Amino acid sequence: MTSNLVDSFGRVSRKLRISVTDRCNMRCLYCMPQNFTDWLEQENILTYDEIHRLASIFSKLGIERIRITGGEPLVRPRVERLISMLSSISKIRTISMTTNGLLLGEKASILKQAGLSSVNISLDTFKEQKFESMGGRRGKDKVLKAIIEADAVGLKVKVNTVLVKGWNDDEAADFAKFARDTGIVVRFIEFMPLDGSGIWRSDLVVSKTETLNRISHEVGALIPVSTDDASEPATLYSFIDGIGKVGFISSMTKPFCSNCDRVRLSSDGKILTCLYEEPGYDVKNMLRDGQSDEDIAKFIQKCMKKKPEGIIKLIKTNSLRPTLNYMHKIGG
Ligand code: SAM
Ligand code: SF4
């Protein structure tokens, strides 16, 4: 299907990330401030009917894949209802979710039945104490159980790990061994300046090269695996014996801005064409003011034209600093 979501750099969007809540049951140090409670008012959050309507409009403009995210998407009550509503949109090929996994174990089967096809589960450490100090809550075993449960019910599972220098970079090899033991792909994400707490510094970023060398040295040699999807942000590697795959999202050292095919919808109804775009373009009021699907579609296309070049520009112009935006509000 041809997409009508083309930006001024010629990039075409086919993936929509929908943040269903700004709330979260964790406080990851690279994402949300520890004492954060400044939540959006309930009436400012899009309802499931509103999200469904917008997703239908987006699908007519060429969106084929949806990812549900947050905050923590599973803290929003009955999110499976939304997944089932989105599944009924004929042009949407896949619906996936990014979650911290704390509430996933009990819901995995119901989410799969509702139409969820895959889940990215965030896990940064295998040590309970560190889980608490990095994530602000206990629950490492719950997340590990959820990974097994999600896999068992037939969801495609990947693990997302943000490495932060001096915090959990010493566990890179353990994650690689986990990928070998379970067959689940672990993707290492470079720490981006989207931290609510203002702690980001360039020397806290653990680069792909560093992690790759560490794993090769401590676990075994890795070889690149080719993928057909140029817009896939992770470069995938396999161990030389074919057992276990890891991916690297080099969001800081090799940004994928030029292949970006994403657009985001925040929980309070703002369109964000880039992670580093602030404050986004409000569509909630268009919905609530009774504007037509055609007018909203035209507005979305206009927003897309304004999509910035991305973090690559901020790097080139030496403009990096902490808290360029709030990941927990955008949804990653
Ligand atoms: N709460 C869910 C979770 O943690 O998976 C979904 C939302 S979270 C914002 C989405 C993803 O963004 C997670 O994999 C998380 O680790 C990642 N993330 C959050 N802040 C980040 C940062 N500053 N740099 C890189 N990745 C980050
Ligand atoms: Fe919550 Fe996810 Fe942010 Fe952690 S990364 S604080 S789990 S939204």
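How do the residues of the shell around ligand 2 divide into nonpolar, polar and charged? There are 6 nonpolar, 2 polar and 1 charged. This is a predicted model, in which local features need pLDDT of at least 70, side-chain atom pairs count only at pLDDT 80 or more, and totals for chains, interfaces and linings use all residues. Residues are numbered from 1 along each chain as its sequence is written, chains are lettered from A and ligands numbered from 1 in the order in which they are written, and side-chain values use heavy atoms, with hydrogens and water left out.

**Ligand 2**
- The surrounding residues (a heavy atom within 4 Å) are Cys24, Met26, Arg27, Cys28, Tyr30, Cys31, Met32, Gly71 and Asn100.
- In this classification Ala, Val, Leu, Ile, Met, Phe, Trp, Tyr, Cys and Pro are nonpolar, Asp, Glu, Lys and Arg are charged, and the others, Gly among them, are polar.

**Ligand 1**
- Ligand 1 is surrounded by 18 residues, the closest being Tyr30, Gly71, Thr99, Ser122 and Met192.
- By class, its shell holds 7 nonpolar, 9 polar and 2 charged residues.
- A polar backbone atom of Tyr30 lies 2.8 Å from a nitrogen atom of ligand 1.
- For Met192, a backbone N or O atom is 2.9 Å from a ligand 1 nitrogen atom.
- Asn160 places a polar side-chain atom 3.4 Å from an oxygen atom of ligand 1.
- The protein buries 95% of the 540 Å² that ligand 1 exposes when taken alone (Shrake-Rupley method, 1.4 Å probe).

Technical notes:
A polar contact is a pair of N or O atoms within 3.5 Å; within protein, one must be able to donate a hydrogen and the other to accept it, and residues adjacent in sequence count only if both atoms are side-chain atoms.
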